[in-house]
Amino acid sequence: MAREKLPATHAIRTLRERGVPFVERSYRYHEGHVAANAARELDIDLHQVVKTLVMEDGQGRPLVVLMHGDREVSTKALARTIGTKSVSPCSPAAAEKHTGYKVGGISPFGMRKALPVYVEASILELPILFVNAGRRGLLVEISPTSLVELLHPVPVSVAR
């Protein structure tokens, strides 16, 4: 059976330009619980699906948090860790403005603006990750080493 030919997203182009090894993994997108749906559709461990969450600090400055698909971010712990009064999720419109991607398809790779990136430290211990590739219904299978080399994220322990 022929493989589906997908148009390249900015994230895919960024990975190719930087010579990062990856495998595209497409799935049938469903609104809501995107990580869980992706894991189910692709028959992969939800813990290895990495959510790209766009948040803002107390001064309204955007930041990105990479979190396991089966975990949530403790915004209080994140605020304490990064030394700000508070952290909260951005509105969907703000997240799309900052990243250049649609909610449900936000990738940490090739964003419109360079944003600070924080990663749940335990993600970096996994053998392989599945990260959004800049389009709803498309993930890339990538190594934690490649993620670190490309994004230079700050490891944090803020999962709950």
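**Placement of S74 and overall fold**

S74 lies in the loop between β3 (62-68) and α3 (75-82). Helices (H or I, at least four residues) and strands (E, at least two) are DSSP runs, numbered from the N terminus. The model is predicted: local features need pLDDT of at least 70, side-chain atom pairs count only at pLDDT 80 or more, and totals for chains, interfaces and linings use all residues. Residues are numbered from 1 along each chain as its sequence is written, and side-chain values use heavy atoms, with hydrogens and water left out.

S74 counts as buried because its relative accessibility is 17%; buried means under 20% relative accessible area, exposed over 50%, partly exposed in between (1.4 Å probe, protein chains only). Leaving aside residues up to four places away in sequence, S74 touches V158 and R160. Contact means heavy atoms within 4.5 Å.

The protein holds five helices and eight strands. Their order along the sequence is α-β-α-β-β-α-β-α-β-β-β-α-β. The radius of gyration is 15 Å, close to the 15 Å that the globule rule gives for 160 residues, so the protein is as compact as a globular protein of that length. This radius is taken over C-alpha atoms; the rule is 2.2 Å times the number of residues to the power 0.38. The C-alpha trace spans about 55 × 30 × 30 Å along its principal axes.

Of the 160 residues, 48% are buried. Among contacts between residues at least 6 apart in sequence, 58% join residues at least 24 apart.
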